[in-house]
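Let us walk through this structure together, one chain at a time.

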Amino acid sequence: MTIDLTRRAALACAVALAALPAMAQDDWPTAPVHVFVGFPAGSSPDTLARIITEPLAQRLGQPVVVENKPGAGGVIGVQQMLTTAGDGHTFGTTINGPLTTAQRLMDSTGYDVEADIAPVTLIATSPLVLAVSSASEFEDLQGFVDAAGAEPEALAYGSVGQGSGAHLTAELFADEAGVSMLHIPFTSYAEVTTSIMGGEIDAGFMAPSAALPHVEAGNMRMLGITSAETFPQAPDVPVMAGQAGLPDDFRAELWNAFIAPAGTDPAVIERLNTELGEILADPQVQEKLLAIGWQAAPGTPADLEERIVADTEMWGAVIDRVEAGE
Amino acid sequence: MRRDWPDICGGLALTAVGLLACGWALAEYDLGTLRRMGPGFFPAILGALLAALGLIVALPALGRAGMPARVAPRSAVAVLASIVIFGFGLPRLGLAGATAASVLVASLPAPQPGWTWRIVLMVAITLLTVLVFSVGLRMTLPVWPRLP
Amino acid sequence: MTTWEGLLYGIGFALQPGVLVYCVLGVVLGTFVGVLPGIGAMAAISLLLPVTYYITPEAALIMLAGVYYGAQYGGAVASILMRLPGTPQSAVTALDGYPMVREGRTGVALFAAMASSFAGSVIGIAVLVMLAGWLSTAATAFGAADYAAMMILGLVAASTIGTGQFAKGFAMVTLGLLLGCVGTDVNSGVQRFTFGQTELLDGINLVALAMGLFGVAEVVANVQDPDRQGVVERIGFRRMLPAWADLRQMGWPTLRGGALGSFFGALPGTGSTLSSFLSYAMERRVARRPERFGKGAIEGVAGPESANNAAAITAFVPTLTLGIPGDPIMALMLGALVIHGIQPGPLMLEARPEMFWGLVASFGIGNLLLLILNLPLIGIWVAMLRIPFRWLYPAILVFVCLGVYSVRGLTFDIVAVAAIGLAGYLLALAAFSPALLLLGFVLGPLIETNLRRALLISRGDPMVFLERPISAVFVVATIALLLLSLWQAWRQRRNARADRREAA
């Protein structure tokens, strides 16, 4: 009899526990929200996460804790989000790499983007600029492409690593322009900058925020930008599309997105999407993001999903070509 | 015959590590050429070099007497176990639980009998750790065990 | 603004109560955090970064800088007292600092570390003020070939620091270089020796390696050591202070270390680590009785400590004047400024002179504060040694774990400490030098990446190492050093043979 009672109590408990997530829909969030970032404190993706989580905490009425789990180009942040998932309060922000190219470039990421990740919203995008030393002879994109086309690997360019956005963008550019350049991988834009200024390499595909200070100081020149429109921070830099033999729809952007583990309550995702959309519409937030090189670009979860699929395909094709060329 | 066992074992172990690394690099990674070195170039050369150096350390040691090493297996097991417990315990037991468990295990080989001081030590260090890291430095860590 | 005007202005700025308080806060916090084993400047700054969002950019940078060099003072204490270096720089300090403790000269060792750290930072500040412009051009003048040649010279020069057999030391350097290969290869993107572990893609965690090799191995060896069960060291105030002879021995090493550190610190890369190893190697080479090193030579503490503190100051040169951070800590500092909307770079000196000169002045004030703060603390640190080891080591282990965890927040790294600790203990049993392993590990990836990068850029022409003047100087120096070592070894052997013949 006693046993039976205990068993019944346990059953009741189990039913109550199972019902918890369903009940949580209305009064979510009930605990501090954790946002995993795959980059170290003080880095650009970390600063971006902090800019949007501060107003988010106010709107949700719960603290939002940024958890830095740096490593493997952001993949570790996504992994850690997935291993901690399950309480309905765990999310992440990530750059495009871990969602689009990591599966191709790494032996194993330990997750499947389509099955394990629920997109919430795109946060912001960033184009890349082609930067050269101001001491160099190149005045515009056409001159650069002409020089690069003189012979294979006539010019050397720096990127922030094999398979990085900068590397793949440069290869896409070279392919579309019909030239072949020598790729020199570095680990940070700081190293690329030093090498360009020291005259060791001819050019670099860089984030505008990394190149701008040196352009303003007169040490570097920007020949073109990879986005469809000019960038507000550097309005003088011409769009690459349609120039120097590049197709009119040439476009390559890095982006940063807010994601959730698959299985997160759709109502919660909806709520977050709305809140983040409003946050990103705030001119003050937009200005802060622009200062670190990101242009706010909110959208629906479906938009983000589409972007992931399209970019995975586009960069996959570039990776195929790079691998075939080796 | 007396031999310098620490140098023999150490040298041979390094030779083994070197050979393994060299073999793995040769089998798995592209060596490239001198002009365009591949990812396997450095590990293969370093592995071979380490293997050779290991032999240079081990062979002369065969013919000479050495200092016997003072091994402390009990201390080693307890100390290493306490670290592993902390590592695996942190996400599950929280900072307080992991610290308490690991301190207790670590204190086992200490040359002082009795349980009272161990318990006192456990409580004191747990308190100190939570105060310094969670309250003071604001590290984002779960403090208490995660309820199932 | 001339240099003197700027400096005076900066001192006035840094002495404002609203700024000074953050400087004090920074150095106190830094010292405290640095003493905790395994938690270095990097972890301390990342933990404090979010706090700085709420203060002015000048105060933020001054506080974080205070944490940075405060942690270096604290780190020296931990590595001298307990042989628990949190960073490769302080690993060098442990080589002779810890033997001094075991000789009962704890107070002298700590005093030497503090005084030479202070002197080193003063030298660094002087160099920063006078040569900032020249040093900033050095950063861009160094190409891949130059770095590779410089690092190889550093490796060869420092390889001699181990005591005992040459082959054992060289084997440890090689093992370190090999461990440095673990992770994603920069040049090809290939994942080497990672065995499917994502946590290894960025290589073995440096702090986990340092703590495992030194800290854990040391704890295991001492748990049952009767000598460590409460060392009752009878020391009066007089024994805590260095004798005149000690002070005289410290003078030149401190100056040489400061000069080395000032130069290497300004180069992006691992200037600070390289300079403390080089300073140690240099002192050993110029010493009249090099066999004292590793057994408690005060020069082995003074030189490297002076070098790494000077390097810590001049590391700000490329960060502030070019906007190019030389190491992860400087990248964090730069991040802190960018968050506040300030972009350091070539224009900063003109656009924000109060920031530049205020920071420089605060370096000086902060280091003076550290000296004033730490000298009285020496007594407390010495007293700590009287605590029986059994009360200390469980806490040390927990702090080590948390220190390692604080770097990336991955429990994988804690478990790695246990594995590395086991290896470190076995290596210690066979008397292999962990410091040399660490040196190889730090320099290995830099040498490999830069060597291969240089050959890529030169389109495969090895002559690049002789055609670039900077690189050529280093190559010649390396060859000269090797020849010198060979000649010395040959002369020693000949002398020994002559002695034997005479004896017979």
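Predicted model: local features only at pLDDT ≥ 70, side-chain atom pairs only at ≥ 80, totals over all residues.

C:F195 has a phi near 50 degrees, a positive value in a residue other than glycine. You can find C:F195 in the loop between strand 2 (191-192) and helix 9 (206-222) of chain C. Is C:F195 buried or exposed? C:F195 has 10 other C-beta atoms within 10 Å, so this residue is exposed. Now compare C:R83, which is not a glycine either and has a positive phi of about 60 degrees. C:R83 sits in the loop between helix 4 (57-82) and helix 5 (88-102) of chain C. Here the count is 25 C-beta neighbours inside 10 Å, and therefore C:R83 is buried.

Step back now and look at chain C as a whole. Its secondary structure consists of 22 helices and two strands. The C-alpha trace of chain C spans about 75 × 65 × 50 Å along its principal axes. How does the radius of gyration of chain C agree with that of a compact globule? For 504 residues such a globule would have a radius of gyration near 23 Å, and chain C, with 22 Å, agrees with this. Of the 504 residues of chain C, 65% count as buried. The contacts tell us about the fold too: among those in chain C between residues at least 6 apart in sequence, 80% join residues at least 24 apart.

Next, bring chain B into view. Chain B is divided into domain 1 (5-61) and domain 2 (73-136). The centres of these two domains of chain B, taken over C-alpha atoms, are separated by 38 Å. Where chain B meets chain C, the contact takes 53 residues from chain B and 49 residues from chain C. On the side of chain B that touches chain C, the elements giving two or more residues are helix 1 (5-28), helix 2 (41-61), helix 3 (73-107) and helix 4 (116-136) of chain B. Which of them gives the largest share? That is helix 3 of chain B, with 17 residues. Sorted by class, this side of chain B has 37 nonpolar, twelve polar and four charged residues.

That leaves chain A, with 13 helices and eleven strands. Its C-alpha atoms fill a box of roughly 90 × 45 × 35 Å along the principal axes. Of the 326 residues of chain A, 53% count as buried. Among contacts in chain A between residues at least 6 apart in sequence, 74% join residues at least 24 apart.

Six strands form an open sheet of mixed pairing, in the order 2-1-3-10-4-11. At its edges are strand 2 (64-68) and strand 11 (295-296) of chain A, each of which pairs on one side only. Strand 1 (residues 33-37) of chain A pairs with strand 2 of chain A in the parallel sense, over five bridges. Within that pairing, A:V35 stands opposite A:V66 in strand 2 of chain A. A:P29 belongs to the loop between helix 1 (2-27) and strand 1 of chain A.

Helix 3 (residues 75-84) of chain A lies across strand 1, strand 3 (90-95) and strand 10 (253-261) of chain A, at about 165 degrees to strand 3 of chain A. Helix 11 (residues 266-281) of chain A lies across strand 4 (117-127), strand 10 and strand 11 of chain A, and runs at about 15 degrees to strand 4 of chain A.

Finally, consider how chain A is divided: the domain assignment gives domain 1 (33-125 + 253-320) and domain 2 (129-251). The C-alpha centres of these domains of chain A lie 27 Å apart. Their contact takes twelve residues from domain 1 of chain A and 13 residues from domain 2 of chain A. On the domain 1 side, strand 10 and helix 13 (301-325) of chain A are the elements that give two or more residues.

Key. Residues numbered from 1 in each chain as written. Chains lettered and ligands numbered in written order. Pairing = 2+ DSSP bridges. Helix = DSSP H or I, 4+ residues; strand = E, 2+ residues; numbered from the N terminus. Contact = placed C-beta atoms within 7 Å. Axes fitted to C-alpha atoms, helices over the stretch in contact; angles between N-to-C directions. Buried ≥ 20, exposed ≤ 12 C-beta atoms within 10 Å, placed from the backbone. Rg over C-alpha atoms; globule rule 2.2 N^0.38 Å. Domains from an automatic or database assignment. Nonpolar A, V, L, I, M, F, W, Y, C, P; charged D, E, K, R; others polar.
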